[in-house]
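Please open the structure in the viewer and keep the selection tool at hand. The stops below are to be visited in order.

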Amino acid sequence: MSAAAADDFLPRAAKEAAATALMVFVLGVLIVGARTFDDGGGHLAIEWRMQVVAMGAALAALGRVGILFWRRHDPGPGLAEKWRPAAAALDRRMGWLIWLGLGFALALPALPFADRYVVDTAIQVLIYVMLGWGLNVVVGLAGLLDLGYVAFYAVGAYSYALLAKTFGFSFWICLPLAGILAAFTGVLLGFPVLRLRGDYLAIVTLGFGEIIRIVLTNWVDLTGGPNGLSGIPRPSFFGFPFTANPPEGSTSFHELVGLDFNPMHRIVFLYFVILALALVTNYFTQRMRRLPLGRAWEALREDEIACTALGINPTNTKLSAFAIGAMFGGFAGAFFATRQGFISPESFSFFESALILAIVVLGGMGSQVGVVVAALVLVVLPEWFRAFAEYRMLVFGAGMVLIMVLRPHGLVADRAPTVRLHG
Amino acid sequence: MAEPALLTVERLAMRFGGIVAIDDLSFVAANRQITAIIGPNGAGKTTVFNCLTGFYKPPIGRMTLWREGQPLYLERLDGFRIARAGVARTFQNIRLFPRMTALENLIVAQHNRLMRASGYTLGALLGLVPYAAAESGAIDRARGWLRRVGLEAEADQFAGNLPYGAQRRLEIARAMCTEPALLCLDEPAAGLNPRESAELNRLLTAIRDEFGIGILLIEHDMSVVMGISDHIVVLEYGRKIADGPPAAVRSDPRVIKAYLGEEDAA
């Protein structure tokens with residue numbers, strides 16, 4: 001390294017550190033720096049916490065200088081490059097890892113540490129895995145950037161809740177109905193918006209996601225408005241309820257199998273239901289990829305104009321991807337409703353759409369395994385760091401940044417061909 | 001040379017704002033013939049292709065594709081229906097599916113036949129139709145084309161990773177996998193070296209003679225145009241200035257003027 005370059009380093013580091021500190025200050029001055037609190041007289045007062053902002057800015061500046069120093073002493077390839085051999089080794093063992101993961105998922109409720117909290121968290125992860133796999137059809141395969149996926153989740157949840165409460169249908173009847181209604185909504189929304197491409201499509205789907213939430217909030221007669229719907233029927237084991245004291249004339253699950261009543265039975269049953277639903281979603285997607293429609297989705301993602309020139313109807317093909325993605329969202333929504341027993345528009349905010357999309361994108365667009373890993377990271381991480389209370393979103397953000405730095409094309413970026421000529 | 005007309009273009013016109021891209025263009029392309037459209041840059045050649053394949057909707061003119069004596073009016077059809085009617089095309093800036101393998105590219109090209117065979121997906125999903133046979137048929141056809149364009153060994157490579165000349169050949173193979181009646185090639189020899197361009201000549205004449213289809217060709221490389229065309233249409237500023245067999249077009253004074261400029265009046 002020449003002397004000139006070395007001399008150049010300090011001013012450059014100082015400049016970058018100052019820029020970083022300024023950025024953190026601007027971002028943080030109102031979000032972190034000003035805290036509102038009740039002054040006791042029913043009024044809101046502001047407490048300025050500039051020392052916190054200053055600390056954050058200083059930390060960020062130091063971190064920036066640290067990164068610059070490190071890159072100066074080790075100017076080789078970036079972290080992503082260094083990790084490539086490890087990632088390739090991991091990819092080679094992917095087949096084993098998948099079976100191992102599946103075995104673990106099947107055995108989880110029987111493992112010694114699997115208390116109610118662990119199984120509940122696992123259910124939460126599996127809901128997001130399923131949503132991720134559903135959205136993967138739309139974003140990963142067909143390449144349609146959908147920022148309003150949560151709308152179909154909501155339609156599924158409310159369909160289940162209303163059908164089950166109003167007509168007393170069982171979960172297994174409501175589930176396909178919820179899926180069909182969500183798919184129908186997908187087609188309805190898709191017709192006008194799928195003419196748009198890229199960013200425009202993203203904005204319009206974002207709008208539709210919000211429209212659904214606002215309709216749910218304001219259509220009080222049907223949806224209960226912001227109060228939501230409560231008393232949604234809990235699932236039964238194919239007609240045998242999970243209750244300690246079943247109503248007269250019916251047999252409860254624990255009587256059926258001859259066990260003592262245990263509230264865990266229902267949780268474990270729910271766990272297996274969502275595991276099965278997620279696996280069905282995965283199997284379906286894998287099967288679709290090998291059928292002409294699935295290949296057309298991927299071709300459409302690659303080049304829409306070329307697709308048209310090959311006689312593929314782009315509108316119908318996109319619509320089918322949108323509808324099928326929506327259907328899986330609807331299934332997941334129905335499951336969510338029966339699990340919670342209570343739903344309100346709050347559960348279907350834009351944050352949910354963003355989280356599901358983050359799972360798909362960070363997993364590596366179109367990769368089924370990537371979705372599982374990303375869902376694990378993005379759901380379990382905030383859950384683990386619950387103890388850090390308000391800082392857990394910081395951990396969430398750091399996790400995302402780490403994935404972006406280490407695997408810029410997503411956790412599992414390789415696309416497996418759907419058919420091979422040579423072995 | 002009494003081949004029946006495959007495509008008749010009559011009085012086609014296309015404007016973009018105030019710019020006249022094509023003006024009152026009429027020509028005929030016959031079955032079992034290679035028809036070349038040539039002309040200086042900006043003469044409107046690619047615009048003709050974009051009208052024919054439905055990417056532009058021309059306000060004036062008629063484009064008729066004759067299939068088994070029945071006329072199909074292309075200006076009335078959506079782009080994907082034109083492709084289904086039997087017009088396949090390649091693009092000046094190659095448009096393969098880069099993150100799909102060469103084989104997958106050729107299988108996507110057989111989409112419509114495979115969709116029917118899969119019972120529009122539902123049949124195959126529910127196991128109602130024997131889809132596997134249709135797919136292996138499609139793979140065989142793709143393999144045949146890959147072999148033909150010398151890419152069988154590269155079948156499982158992503159199309160985007162293939163060298164430029166291979167991508168051009170693959171795009172032609174993909175267009176042929178749609179089983180077209182008319183193959184439209186937009187500058188297929190662009191960026192090819194002389195050896196590759198001689199190979200291209202052989203491929204195109206073989207396609208013409210074996211499959212008995214019409215080929216419409218936009219090309220700048222005169223060795224390709226003069227070597228294999230049966231019929232040449234020359235455009236300048238969106239107008240047709242010459243139309244005929246290569247020998248006649250080559251000696252047409254208006255063509256020479258368009259290509260070489262006005263002779264100095266010295």
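The tour passes from the domains to a pocket and then to one residue.

The model is predicted: local features need pLDDT of at least 70, side-chain atom pairs count only at pLDDT 80 or more, and totals for chains, interfaces and linings use all residues. Residues are numbered from 1 along each chain as its sequence is written, chains are lettered from A and ligands numbered from 1 in written order, and side-chain values use heavy atoms, with hydrogens and water left out.

Select chain A, which is divided into domain 1 (3-75) and domain 2 (85-406); the bounds come from an automatic or database domain assignment. The C-alpha centres of these two domains of chain A are 37 Å apart.

Next, select B:His111, B:Asn112, B:Met115, B:Arg116 and B:Tyr120, which lie nearest the centre of the second largest pocket among its 33 lining residues. Helices H12 (264-289) and H15 (314-340) of chain A, with H2 (79-85), H4 (111-117) and H5 (122-125) of chain B, each give two or more residues to this lining. Helices here are DSSP runs (H or I, at least four residues), numbered from the N terminus.

Finally, select B:Leu114, found in helix H4 of chain B. B:Leu114 counts as buried because its relative accessibility is 4%, buried meaning under 20% relative accessible area (1.4 Å probe, protein chains only). B:Glu135 is 21 residues from B:Leu114 in sequence, yet their C-alpha atoms are 7.1 Å apart.

Notes. 1 Å grid on protein atoms, 1.4 Å probe; cavity = no way out; pocket = protein on both sides within 12 Å on 5 of 7 lines; lining within 4 Å. Buried < 20%, exposed > 50% of the residue type's maximum accessible area, 1.4 Å probe, protein only.
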